[in-house]
Amino acid sequence: MSNQKIRKASGGEPDEFEAQVAQELLNLEMTSTELKASLRDLYITAAKEVDCGGGRKAIIIYVPFKHQKSFQKIQARLVRELEKKFSGRHVIIIAQRNILGKSYARSQKTKGLRPRSRTLTGVQDAILEDIVYPTEITGKRTRCKVDGRRILKVYLDGRDQANVEGRTETYAAVYGKLTNKQVAFHFSS
C-alpha cells in the first residue's frame, strides 16, 4: 500500500527506510485534512538518513523535479508533521536532478549545448536552494584558505533567522554529504 507513495527512478524496490517514509506520507494523506488534497498525486523517488554529527540525524527526501513546486507549496506543514513522526530528526526535501557530463552529446534531432541546469555546479547550487527552502539565499562568497581549502559562505535572509537558526548545522552537514563541499551559513541583516 505504501508503495504508491514511492516510485524509484530505476523501477527497483524501495528499502526498509524508504518504505517507512512512504508509509508515513500515506498516513498523513489519510489523516490530515489540510494535506489530503495536496498529497493525493504526489510521491517521492528516494529517502535516506544522514548522520549530522553530535548524535543528530537528518532525513533527506528526494522528490521528482516536476513535482518540486507542488511539494514546496505544502513544505512547511509537511516537514512539521514528518518531524513529529520521526522525532529528533530534521526533514529536508530535495528535487531529484540529473548531472550531465562535459562530453554529453545530444541526439541528431536536437542539437545544442548541455543545459546549464544539468551542469555539476548548476545542480549543486539548486541543491543548496532546496536545502534552505523556504528561506532565501541573499548572497554567496567563496573563501579560499591558505592550505587550499574552500569554504562557501552562504548568507540567508535575516527575517527567517528565528525559524532557521537551529537548523543551520544540519543544512551544512547535509550539503557536505551530498556535494563534498564545506559551507557556512550566516544571516544578512
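**How do you know? A chat about one predicted model**

Author: Searching the whole structure, which is a predicted model, turns up one cavity of 30 Å³ or more.

Reader: What makes this a cavity and not a pocket?

Author: A 1.4 Å probe fits at its points but cannot get out, so the space counts as a cavity, whereas a pocket is an open set. The largest cavity holds about 40 Å³, and the cut-off of the search was 30 Å³.

Reader: Which residues line the largest cavity, and what makes a residue part of the lining?

Author: A lining residue has an atom within 4 Å of a point. Val63, Gln68, Gln72, Gln75, Ile93, Ile94, Ala95 and Asp130 are the ones that line it. β3 gives the most, with three residues, and α3 (68–73) and β3 each supply at least two.

Reader: How do you sort that lining by class?

Author: There are four nonpolar, three polar and one charged residues. Asp counts as charged, and Asp130 is in the lining.

Reader: Is Asp130 called buried or exposed, and why?

Author: Buried, because its relative accessibility is 4% and the cut-off for buried is under 20%. Asp130 lies in helix α5. Leaving out residues up to four places away in sequence, Asp130 touches Gln68, Gln72, Ile93, Ile94, Ala95 and Arg97. "Touches" here means heavy atoms within 4.5 Å.

Reader: And Asn180, why is it called exposed?

Author: Its relative accessible area is 72%, and exposed means over 50%, so Asn180 qualifies as exposed. Asn180 also has a positive phi of about 60 degrees, although it is not a glycine. You'll find it in the loop between α7 (168–179) and β6 (182–187).

Reader: What about the peptide bond from Tyr133 to Pro134: cis or trans?

Author: Cis, with omega near 10 degrees. Pro134 sits in the loop between α5 (120–132) and β4 (137–144).

Reader: On to the sheets. How do you know that β4 and β5 pair?

Author: Pairing takes at least two bridges, and β4 and β5 (residues 150–156) have seven, in the antiparallel sense. One example is Thr142, whose bridge partner in β5 is Leu152.

Reader: What is the order of strands in that open sheet, and what makes a strand an edge?

Author: The order is β4-β5-β6, with mixed pairing. β4 and β6 are the edge strands, as each pairs on one side only. Neighbouring strands in this sheet are turned by 25 degrees against each other on average, direction ignored.

Reader: Which helices pack on it, and at what angles?

Author: α5 lies across β4, β5 and β6 and runs at about 125 degrees to β4. α7 packs on the sheet too, touching β5 and β6, and its direction makes about 155 degrees with that of β6.

Reader: What is the strand order in the sheet with β1, and which strands are its edges?

Author: That open sheet of three strands goes β1-β2-β3, again with mixed pairing. Its edges are β1 (46–53) and β3 (89–96), each pairing on one side only.

Reader: How do you know that β1 and β2 pair?

Author: Seven bridges join β1 to β2 (residues 56–64), and at least two are needed. The two strands run antiparallel, and Ala46 stands opposite Tyr62 in β2.

Reader: Which helices lie across these strands?

Author: Helix α1 (residues 16–31) lies across β1, β2 and β3, at about 105 degrees to β1. Helix α4 (residues 75–85) lies across β2 and β3, at about 135 degrees to β3.

Definitions and conventions. Residues numbered from 1 in each chain as written. Predicted model: local features only at pLDDT ≥ 70, side-chain atom pairs only at ≥ 80, totals over all residues. Heavy atoms only, no water. Helix = DSSP H or I, 4+ residues; strand = E, 2+ residues; numbered from the N terminus. Buried < 20%, exposed > 50% of the residue type's maximum accessible area, 1.4 Å probe, protein only. Axes fitted to C-alpha atoms, helices over the stretch in contact; angles between N-to-C directions. 1 Å grid on protein atoms, 1.4 Å probe; cavity = no way out; pocket = protein on both sides within 12 Å on 5 of 7 lines; lining within 4 Å. Points joined across faces, edges and corners; volume = space filled by probe spheres on them.
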